[in-house]
Amino acid sequence: MPVVLENLGKRFGDGAPVLDDVNATIAKGEFVALLGASGCGKSTLLNIMAGLEKPTSGALEVPSDGAAFMFQDASLFPWLTARGNIELALQLADKSSTKAGRRDRANELLELVHLGGAGDKRPHELSGGMRQRVALARSLAQDRQLLLMDEPFAALDAITRDLLHDELERIWKETGRTIVFVTHNVREAVRLGQRVLLLSSRPGRVVAEWDVTEEHRTDAGHAGELTGVITRRLREEIRRHAK
Amino acid sequence: MPSNPITTEERTLPVTESKEHITSPSLKGNASELRDLEAGLDNLQSDLGRKRGIEWKRVLLPVVALVVLILAWQFYVSLGLKRRDQVPGPLDVLNQLVVLWGEGKVQESVWTSLQRGLVGFLISVVVATPVGLLLAQVAPLRRAFGPLISGLQVLPSVAWVPAAIIWFGLTDATVYFVVLMGAIPSIINGLISGVDQIPPQYRSVGTVLGANRLQMALQIILPAALPGYIGGLKQGWAFSWRSLMAAEIIAVGGTIGFGLGSLLDQGRALSDMAIVMSAILLILFVGILIELLVFGPIEKRLLLRRGLLAGSSR
C-alpha cells in the first residue's frame, strides 16, 4: 500500500502555515529522502505521517497499522537494557507474544544491526552510533511496512554515519520496508534515497524531486553532478528568505 | 547564509575520471572489513567496566565522624558546666540503654514503632501511587486537587492528632491515621514531580510504539519517573516516621502499645534525661538504618543503572 499525501497543510494556532499544499506519493518498498533546510517543517511532516500530529488541511493515506519511527536522538529508555528496549517494542506491537519469543526476536534484531554482544548493556554504556543501531532495531521490531526516520544520523561522527548508511541500505534491501528519510544533508539524501524530494521553507511544500538511478550510485561523476544540482536548488530555496 | 554557488560547482562537478564514489566517500572494502571497522568503533566508543569491591573510605569516614562527635560530647560533659542529670555523658546513656534493654523496653519500643511505621508507610505507598499517577496524567484532576495535596504536604501531620483522638480514641487507628496523613501527600507530590520531569520524547516513543493509556502509565511513565518517585517515597517515609513519633508522644495509654515515642514521653515524665537521650538516639538510629539499608542502595542502584552517578559525590 503506497503512502499518499494530498494537499496536506499544517499550521500551529494562528501562525503562518508550516506546511502548505504538500503532495507526494511514495510507493511500497521505496526509499525516499525528504530534503530541506532546517526549520522547513520536515519533522512536522514526518510527525503527521506517524500520527503524532494532525494535519490542519488536506488528506493523508498511510498503512492502517501505522508507521515505525526513528528519532534524531536514539530515545532509548534508560531503565531498560538494549535488548529490553527492543523487547518492549515487540510487546507493545503484539500483546499475544510470549516472553521467550520476544527474547529470540530481540536477539535476531540485535544481530541484524551487528550488536549481538551488546544486548545486556544499558543505553548509557553504548556509543552514539550503537544507540542509533539499537533504535533502528527497535523500529524494525515494530514490524510495520512504513519506516519514518527523522535525521537519525545527524548527530553522529562522519565514519560512524558512513557505516550506518551502509547498514541501513543493507537492512532496507533485506527487509523491503518503505522508508521516508528526513535529512538536511544533500550527500546523505543522494547516498540513500531512490528519490529525493526537496521541501521548501515557510511554508513547506514539495518544490522539486530527483530520481537517483543506479548510474548515480555507481558512477562518481553522475553522483557528484546530481549532488551539485540539488545543492544549488536547496541554496536557492534558502536565499529566497534572505530578504 | 553566505554562499557562493561557483565554488560549489567547482567542488562537486566531476573533474577527473576517478572511480571514487563521491556520495559515499570514505568507506571502501568488503563486508567483513566493514564489520571489523564497526566493531572497532564500538569497542573504542563504549564504556569499559568499572572496578568493584568494598570501598573502605565509605565505611570508615562515617565511623570516624561518629567517634569524633562522641569524644566532643564526652569532653563537654567532663568540663562539668551543667549538672550531670541534665546533660548525661555518653557512658551514662549507654548504661541506661543497657538497663532498658535488660527490661526489654528497647526491643519492645523499637519493634512496635518500626512495625507501625512500616505498615503505615506501605499502606501510604499503595494508596498514593495510583492517585499520584492519575493526578499526573489527567490534567483536570490535577488542577482540581493539586493545590490541596501540596497544602496537605505542608500541613504538619501532628495537627491531625487531636482530631484523630476524638474520632478513633486511644487506639492504633489514631496512630495510623496520623501516619497516613503525613506520608500520602508527600509520596503523591514526589510522583507528580517525577512525572513532570520526564523528557517529552519518551511519550512520543511510547505513542509510536503503540502503547495504550495503561501501558503508557505502567511501562513508560512510571519507570521514567522512578528517580522522582523514589525521592517521594524517601520523603514519605521520613514524614510517616516523624508523624508516628509525634502521635506516640501525644497519644499515650489506651490500647496504644509502647513505642519509641512512648518511651520518650516516659523519660520526660520521670525527668530522666538518660532515658530521653536513649529514646532520641534510638529514633535517630532507626532512621539511619532505614536510609542505609533500604533507600540508599535502591537509589544508588537506580542512578548507576541509568548512568546518572558519574561525577556525583555519593
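**Notes on a predicted two-chain model**

1. Let's start with a hairpin in chain A. Strands E8 (residues 195-199) and E9 (residues 206-211) of chain A run antiparallel and are joined by 5 bridges. Across the pair, A:Val196 sits opposite A:Trp210 of E9(A). The hairpin has 6 residues between its strands, and A:Arg202 takes a positive phi near 40° there. Keep in mind as you look around that this is a predicted model.

2. Next, how chain A is divided. Where do the two domains of chain A meet? Here 11 residues of domain 1 of chain A are in contact with 9 residues of domain 2 of chain A. Helix H5 (residues 158-175) of chain A gives the most to the domain 1 side, with 5 residues. By class, that side of domain 1 of chain A has 7 nonpolar, 2 polar and 2 charged residues.

3. Helix H4 (residues 128-141) of chain A is worth a look. Its 14 residues reach 20 Å from the first C-alpha to the last, close to the 20 Å expected at 1.5 Å a residue. Is H4(A) enclosed or open? Of its 14 residues, 13 are buried, so H4(A) is largely enclosed by the rest of the structure. Just after H4(A), A:Asp143 takes a positive phi of about 55°.

4. On to chain B, where the domain assignment gives domain 1 (56-86) and domain 2 (88-305). The C-alpha centres of these domains of chain B lie 29 Å apart. In contact are 7 residues of domain 1 of chain B and 4 residues of domain 2 of chain B. The side of domain 1 of chain B that touches domain 2 has 3 nonpolar, 2 polar and 2 charged residues.

5. Chain B also carries an annotation from UniProt. The unreviewed entry marks "transmembrane region" over residues 59-76, 118-136, 148-169, 175-195, 244-263 and 275-296 of chain B. How much helix do these stretches hold in the model? Take two of them: residues 148-169 of chain B are 68% helix and 0% strand, with end C-alpha atoms 27 Å apart. Residues 275-296 of chain B are 100% helix and 0% strand, and their end C-alpha atoms are 30 Å apart.

Note on methods. Residues are numbered from 1 along each chain as its sequence is written. Chains are lettered from A and ligands numbered from 1 in the order in which they are written. This is a predicted model: local features need pLDDT of at least 70, side-chain atom pairs count only at pLDDT 80 or more; totals for chains, interfaces and linings use all residues. Two strands pair if DSSP finds at least two bridges between them. Helices (H or I, at least four residues) and strands (E, at least two) are DSSP runs, numbered from the N terminus. Domain bounds come from an automatic or database domain assignment. Two residues are in contact if their C-beta atoms, placed from the backbone, lie within 7 Å. Ala, Val, Leu, Ile, Met, Phe, Trp, Tyr, Cys and Pro count as nonpolar, Asp, Glu, Lys and Arg as charged, and the others, Gly among them, as polar. UniProt positions are given in the numbering used here, feature names are shortened, and annotations may be inferred rather than shown by experiment. The expected span of a helix is 1.5 Å times one less than its number of residues. A residue is buried if 20 or more other C-beta atoms lie within 10 Å of its own, exposed if 12 or fewer, and partly exposed in between; C-beta atoms are placed from the backbone.
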